[in-house]
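Subject: Structure handover

Hello,

Here is the structure for you to look through. My notes follow below it.

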Amino acid sequence: MIRSMTGFASATGSLPPHSWAWELRAVNGKGLDLRLRVPDWIDGLEAGLRKMLGASVDRGNVTLSLRLAREEHAGALQINEAQLTAVLEAMAVIEARAMEAGISLGPSTSSEVVALRGVLEQSLVDDDAAPLAKALLAEAETLIQAFNAMRDAEGTALHGVLQEQLNEVAALTQKAATLAQARSDAMTDTLKRNLAKVMDNVDGADPDRVAQELALIAVKSDVTEEIDRLGAHVTAARDLIGQGGPVGRKLDFLMQEFNREANTLCSKAQSTELTRCGLALKAVIDQMREQVQNVE
């Protein structure tokens with residue numbers, strides 16, 4: 001099945017003390033343009049993400065952003081043993097000096113000791129980037145799967161629209177063939193009548209020259225090749241859509257060929273009905289070309 005170039009997916013996750021939010025989006029593009037906004041201090045993260053996206057996306061402007069946050073108070077409280085020893089030793093010295101001086105000091109409570117600077121401190125959490133990178137890359141796989149699921153769903157819708165438009169082009173091409181045959185018969189009768197008038201009024205006309213001019217008129221007005229090519233293009237487009245995969249570039253080129261044949265058909269029409277049919281073809285082809293711009 002064909003796949004759309006446009007898509008969106010988001011996700012959130014965490015690995016204490018970190019939490020994060022992903023956003024992955026894509027819009028139409030002639031080639032593949034990956035734009036990643038991720039923390040540069042996590043070794044291997046950007047390279048891994050680029051590899052994963054490159055394996056999943058063939059065309060489009062793709063933007064992946066990662067917002068990473070760290071909890072401010074993630075560490076556990078712990079006693080600084082060295083500082084506590086130093087504080088207690090200092091308190092003992094102070095109490096001894098006070099007793100020598102005949103000064104009575106009130107007893108110290110544990111809460112007062114703990115409140116002293118450096119006795120109780122918060123442990124620091126080591127930011128080991130390796131497990132964080134592993135968790136992020138694992139979650140990125142799920143994110144990309146959701147992203148591609150949306151593009152597949154849009155591709156299914158595109159498939160239906162393009163098939164309907166191709167059916168309309170095929171029907172208009174068949175109508176053009178019928179109108180061209182009717183026009184050809186009418187033009188033949190008209191040419192014969194006009195030629196008879198000319199030959200009756202012109203002496204010494206070169207029969208070969210007259211035959212050449214008639215042949216040239218017939219060639220200039222013949223739309224058989226254009227109709228045959230339109231039919232071939234319809235078959236080729238159906239094959240590409242049925243084939244699936246990244247066929248957007250080929251379909252876009254085919255739309256140019258469709259348009260070229262429709263333009264030539266209109267220029268050779270020499271018939272109001274056939275011109276209208278050619279213009280209707282051009283309108284459907286333009287609509288189809290707009291849809292093809294979304295195909296990967």
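Start with Glu296. Leaving aside neighbours within four places in sequence, Glu296 is in contact with Arg3, Ser4, Met5, Ser56, Val57, Asp58, Arg59, Arg151, Gly245, Pro246, Val247 and Gly248. Contact means heavy atoms within 4.5 Å.

Before you read on, note that this is a predicted model: local features need pLDDT of at least 70, side-chain atom pairs count only at pLDDT 80 or more, and totals for chains, interfaces and linings use all residues. Residues are numbered from 1 along each chain as its sequence is written, and side-chain values use heavy atoms, with hydrogens and water left out.

Back to Glu296. This residue sits in the segment after helix H8 (272-292). Helices (H or I, at least four residues) and strands (E, at least two) are DSSP runs, numbered from the N terminus. Is Glu296 buried or exposed? Glu296 is buried, because its relative accessible area is 4%. The cut-offs are these: buried is under 20% relative accessible area, exposed is over 50%, and partly exposed is in between (1.4 Å probe, protein chains only). The side chain of Glu296 also makes a polar contact with the side chain of Arg151, at 2.9 Å. A polar contact is a pair of N or O atoms within 3.5 Å; within protein, one must be able to donate a hydrogen and the other to accept it, and residues adjacent in sequence count only if both atoms are side-chain atoms.

Arg3 comes next. Arg3 lies in the segment before strand E1 (7-15). Its side chain joins that of Asp152 in a polar contact of 2.8 Å.

Now the whole protein. There are eight helices and six strands. From the N terminus on, the elements run β-β-β-α-β-β-α-α-β-α-α-α-α-α. Of the 296 residues, 35% are buried. Among contacts with a separation of 6 or more, 80% are between residues 24 or more positions apart.

Look at helix H4 (residues 129-201) too, where Gln145 lies. Gln145 counts as exposed because its relative accessibility is 55%. Gln145 and Ser56 are 89 residues apart in sequence, and 8.9 Å apart in space, C-alpha to C-alpha.

Helix H7 (residues 248-268) has 21 residues. H7 reaches 31 Å from its first C-alpha to its last, close to the 30 Å expected at 1.5 Å a residue. That expected span is 1.5 Å times one less than the number of residues. The buried residues of H7 include Leu251, Leu254, Phe258 and Leu265.

Two backbone details are worth a look. Most residues other than glycine have a negative phi, and most peptide bonds are trans. Gln270, in the loop between H7 and H8, has a positive phi of about 50° although it is not a glycine. The peptide bond from Pro16 to Pro17 is cis, with omega near 10°. Pro17 is in the loop between E1 and strand E2 (18-27).

Best wishes
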